[in-house]
Amino acid sequence: MLKQLRHAIRRARLRHYLMCPPTYFDVAYSINPWMDPSRPVDRALALRQWFGLVDIYRDRGHRVDLLEPVPGMPDIVFAANGATVVAGQALSARFANPQRTAEAEVHTAWHQRNGILYGGGEVREPIAVNEAEGDFAVLSKRILAGYGFRTTVEAHRELARLTDREVISLELVDPRLFHLDLALAVLDDARDHIAYYPDAFSQQSRQVLAELFPDALIANEHDAYAFGLNAVSDGLHVFIPCGAQQLRENLAAAGYWPISVDLSELIKGGGSVKCCTQEIRPAPIATRRVDSLPDEVASLISEDSAAHPAHQTTAGASS
Ligand code: ARG
């Protein structure tokens with residue numbers, strides 16, 4: 001007799017990622033407890049490891065776009081911190097530390113040029129400090145948001161206004177896990193299945209997590225400090241830093257397909273898989289703003305949508 005599956009069937013969805021090669025990666029300053037400027041960085045190894053991750057994503061069918069690296073920005077490899085894109089709406093970062101301030105503009109410029117790829121409109125410039133997906137975890141309807149070290153609660157409100165989604169604020173208390181994406185991973189963003197390390201959060205936030213996510217996978221201290229929660233999931237494959245053995249086993253038992261990734265050089269900067277990966281979540285086709293496209297392109301799309309009414313655009317709907 002077939003044994004009953006004790007977990008949901010996992011399905012991968014094709015993703016669109018933005019990444020920036022560690023061409024100028026270095027640990028030249030220290031803005032988190034992992035960064036020790038006296039420890040040398042092997043940049044060639046960092047590049048090999050990083051390109052390995054790009055290949056792994058592309059092998060699984062995901063689209064990876066590359067951001068041009070900039071000399072003098074050693075942390076821009078951590079692309080998750082540069083912008084947040086939810087349903088085609090982009091909010092740029094405003095960094096907490098002056099060493100990273102200039103990265104925000106590089107991301108803003110990329111999204112202004114390439115928003116057409118994902119149905120994006122204008123790129124929103126933030127007022128409050130936010131380190132983007134470092135502290136924002138996007139679920140099916142809600143967004144979880146960290147505060148305590150980098151991103152502020154005001155920024156949570158800005159994101160809620162922009163996306164029209166409920167944003168749940170979670171307080172981070174462990175300086176080694178200074179971003180939400182070091183303490184919590186989204187495993188299935190259609191079913192809101194997550195993994196997290198409870199001790200990274202204040203008592204109150206721990207309670208919120210326990211109530212909202214009773215079926216979450218709980219990571220242990222070893223795996224959290226091995227960057228195990230700094231993982232990226234497409235809904236089936238979980239690209240996870242190689243040191244997090246117990247979490248990898250728990251993922252497999254829950255029906256996921258863990259894929260180990262070694263980014264040891266980048267960990268010297270305080271980041272791993274998720275930190276290097278900005279996810280671009282496209283606008284739903286029906287709401288793409290045809291009026292913001294050049295006329296020639298807009299007319300092509302409206303003609304097309306007239307032929308396929310299921311994919312109607314705003315311009316198509318009003319004509
Ligand atoms: N050195 C970087 C910083 O301290 C590491 C960023 C890690 N990124 C992340 N998404 N957790 O800002």
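I started with α3, whose buried residues pack against β3 (83–86), β4 (89–92), β6 (136–138), β7 (143–147) and β8 (167–171). I am working on a predicted model: local features need pLDDT of at least 70, side-chain atom pairs count only at pLDDT 80 or more, and totals for chains, interfaces and linings use all residues. Residues are numbered from 1 along each chain as its sequence is written.

My terms first. A residue is buried if 20 or more other C-beta atoms lie within 10 Å of its own, exposed if 12 or fewer, and partly exposed in between, with C-beta atoms placed from the backbone. Helices (H or I, at least four residues) and strands (E, at least two) are DSSP runs, numbered from the N terminus. Contact means that the C-beta atoms of two residues, placed from the backbone, lie within 7 Å.

**Helix α3**

I listed the buried residues of α3 (residues 153–163): A155, H156, L159 and T163. Seen down the helix axis, they fall within an arc of 110° (taken from the directions from the axis to the C-beta atoms), so they line one face of α3. An α-helix has 3.6 residues a turn, so residues three or four places apart point the same way. Just after α3, I found D164 with a positive phi of about 60°.

**Sheet β12-β13-β14**

Next I looked up an open sheet of three strands, in the order β12-β13-β14, with mixed pairing. Strands pair if DSSP finds at least two bridges between them. The edge strands are β12 (232–233) and β14 (257–261), each pairing on one side only. Helix α7 (residues 245–253) packs on this sheet and touches β13 and β14. The direction of α7 makes about 155° with that of β14; axes are lines fitted to C-alpha atoms, for helices over the stretch in contact, and angles run from 0 to 180 degrees between N-to-C directions.

β12 and β13 (residues 237–241) are antiparallel, over two bridges. S233 has V238 of β13 as its bridge partner. The two strands form a hairpin with three residues between them, and G235 in the turn has a positive phi of about 110°. β13 and β14 run parallel, joined by five bridges. There F239 is bridged to I259 of β14.

How many residues of β13 are buried? Five of the five are, so β13 is largely enclosed by the rest of the structure. H237, F239 and P241 point one way, V238 and I240 the other.

**Sheet β2-β1-β15**

I then checked another open sheet of three strands, ordered β2-β1-β15, also of mixed pairing. β2 (63–66) and β15 (278–279) each have a single partner strand, so one side of each is left without a neighbour in the sheet. β1 (residues 16–19) pairs with β2 in the parallel sense over four bridges. M19 has L66 of β2 as its bridge partner.

**Ligand shell and totals**

I counted 16 residues around the ligand (C-beta atom, placed from the backbone, within 6 Å). G134, H179, G270, G271 and C275 come nearest.

For the whole protein, I noted ten helices and 15 strands. Buried residues make up 44% of the 319 residues. Among contacts between residues at least 6 apart in sequence, 65% join residues at least 24 apart.
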